[in-house]
Amino acid sequence: MTVRVTVADPTAHRCDVLALGVFGGPARLEGIAAKVDHALGGLLARVLHEEQFTAEAGKVVFLHTHGRLPAGRLAVVGLGDRDAFTMDRLRLAAASVARATSGRRLTRLAFPPFQHRDWEPAAIAAARTQGALMGTYSFTKYRKEKGHTVHLELLAANRAEAAAVEAGCRRGKVVADAVNYARDLVNEPTNILTPDALAAHARRAAKGTKIKVQVWGPSELKKRGMELIMAVGGASAHTPRLILLEYAPPRPKRTVALAGKGVTFDSGGLDLKPAEGMATMKGDMAGAAAVLATMRALPLLAPQVRVTAAIAAVENAVGSRAMRPGDVFRGVNGTTVEITNTDAEGRLILADAVAHLAAGAPSEIVDLATLTGAASVALGPYAAALMGTDQALMDRLVAAAGRAGERLVPLPLYEEYRQAMRSDVADIKNSGTRPGGAQKGAIFIREFAGGIPWAHVDIAPVAYLDKEEGTTAVQPKGASGYGVRTLLEYLTARD
Ligand code: BES
Ligand code: MN
Ligand code: ZN
């Protein structure tokens, strides 16, 4: 999809589809929708009545204009009740219309000017652009049949409004492009997206920007004592990589360190996963994808924050070189780990990545990982779980997620779970019994954060949807790109 801003009167503008947002409770035509209805001699109101249109959020009804307007069709989209209206609803409406337009293989879509007393025109334009770009995403790289390209126009009443809309549109596009880039990486099959290929993506993303990249392969990892990353990735012919990125603006206010779980395929290792559990495990690098997509977008948004990132990329494979239950390895911070389950591999690679970041003394560390099935059991496909050691950091992340339109729910970290991770032979074991599984994973990683304020986002519930779910318009089936919006909102917030 392409997006541009045009100064035009929506009732006089030529396009294939003119979108009209309508509030519910009960549905009433006002503003531009009323004007359009008038131009059609009341036909719009009649059709909506016949269709029993209640303006339910995201619901779309199409109407042909048969030459009575320059717009070939109207797409009326429900905005839900006016009192319950949010930026999320606006994003959803934009996504629903854009998706429906693309599905009908129509090309020129126009959004008329939209005002809201609580929001800046730029913020409105950003949300609409983002929704439309995220909603029309599809992964068609390996199919003969490609998706249909929609050209979206955001209409502005005058030049002054157009400037604000233009600015919002740019930001919305940067964010949505980053989300869709993360989705592409996650949807890419493992036979293509190996750890080395992920590193190549990182190099490409940084090329021509101020982002610095370093990639460590097996010999460097061994030399530096990163036994945990080597233990997880050791059985695969596609050897491990630690991908280090840095975004450093001139006078940074603080340094945020990001870690991403980049398991390009999780077979479970020797404690092999059952078939149903393994089917979507190409997506076990979604944390890494979110971190890389975020880093790639930072130069375009230029926040005053230094950001360092460590992406641990490995394949958790089976073979005679695979780690075994009972093995003991030493992490880069000196902590020893007894392997009790080879399928609890994410926390192992994050341990080395987080310890490495901690050694750089950042202000805070945030890791993103498809870490536990337990988080999915707790939250279903609707929210990611947040855990950590610093309440202020966690509060800022939850607030950023809320503004960005991603659901993030805090979970506690009970000290009893640290007891449950005690090992007889090493400092800690990598898995415990099932109860509190998400917290146990977090408590393991905490051991490697070196006392630096740290937060862990378990995105296992939301990273990859293998069937259609409620808010599909913004988040299609497959990779969601979850985390990118929250991280970008968090890193660019003025607080
Ligand atoms: N990658 C999985 C977690 C996961 C499950 C992500 C479902 C996305 C969807 C992770 O490596 C894993 O296998 N976790 C185990 C941990 C257990 C062995 C302690 C789990 O959750 O069962
Ligand atoms: Mn696993
Ligand atoms: Zn995993």
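Colleague: Which domains does the domain assignment of the protein give?

Modeller: This is a predicted model, in which local features need pLDDT of at least 70 and side-chain atom pairs count only at pLDDT 80 or more, whereas totals for chains, interfaces and linings use all residues. Residues are numbered from 1 along each chain as its sequence is written, chains are lettered from A and ligands numbered from 1 in the order in which they are written, and side-chain values use heavy atoms, with hydrogens and water left out. The bounds come from an automatic or database domain assignment, which for this protein gives domain 1 (2–181) and domain 2 (189–492).

Colleague: Which three residues supply more of the area that domain 1 buries against domain 2 than any other three?

Modeller: Buried area is the accessible area (1.4 Å probe) that two parts lose on being put together, summed over both. For domain 1 and domain 2 this comes to about 1800 Å², with 64% of it on carbon and sulfur atoms. On the side of domain 1, 33% of the buried area is supplied by Met134, Arg171 and Tyr181.

Colleague: How far apart are the closest N and O atoms in the salt bridge of glutamate 489 with arginine 171?

Modeller: A salt bridge here is a side-chain nitrogen of Lys or Arg within 4 Å of a carboxyl oxygen of Asp or Glu, and the rule finds one across the interface of domain 1 and domain 2. For glutamate 489 and arginine 171 the distance between the closest N and O atoms is 3.8 Å.

Colleague: What is omega for the peptide bond from glycine 25 to proline 26?

Modeller: Most peptide bonds are trans. Proline 26 is found in the loop between strand S2 (15–24) and helix H1 (32–39), where helices (H or I, at least four residues) and strands (E, at least two) are DSSP runs numbered from the N terminus. The bond from glycine 25 to proline 26 is cis, and its omega is near -15°.

Colleague: Is alanine 55 buried or exposed?

Modeller: Alanine 55, in the loop between helix H2 (43–50) and strand S3 (60–64), has a positive phi, near 65°. Buried means under 20% relative accessible area, exposed over 50%, and partly exposed in between (1.4 Å probe, protein chains only). Because its relative accessible area is 1%, alanine 55 is buried.

Colleague: And is histidine 66 buried or exposed?

Modeller: Histidine 66 is found in the loop between S3 and strand S4 (71–81), and its phi is also positive, near 45°. With a relative accessible area of 70%, histidine 66 is therefore exposed.

Colleague: How far apart in space are threonine 86 and glycine 405, C-alpha to C-alpha?

Modeller: Threonine 86 sits in the loop between S4 and helix H3 (87–103) and is partly exposed, with a relative accessible area of 33%. Although threonine 86 and glycine 405 are 319 residues apart in sequence, their C-alpha atoms are separated in space by 9.6 Å.

Colleague: How many residues apart in sequence are the parts tied together by glutamate 246 and arginine 306?

Modeller: The structure holds 26 salt bridges, and one of them joins glutamate 246 to arginine 306, with the closest N and O atoms 2.9 Å apart. Glutamate 246 lies in strand S8 (residues 241–247) and arginine 306 in strand S10 (residues 306–316), so the pair ties together parts whose separation in sequence is 60 residues.

Colleague: Are glutamate 345 and lysine 261 buried or exposed?

Modeller: These two form a salt bridge, the closest N and O atoms being 3.1 Å apart. Glutamate 345 lies in the loop between strand S12 (336–338) and helix H11 (346–359) and lysine 261 in strand S9, so the pair ties together parts that are 84 residues apart in sequence. Both glutamate 345 and lysine 261 are buried.

Colleague: Where does leucine 272 lie?

Modeller: Leucine 272 is partly exposed, with a relative accessible area of 48%. The position of leucine 272 is the loop between strand S9 (255–266) and helix H9 (275–278).
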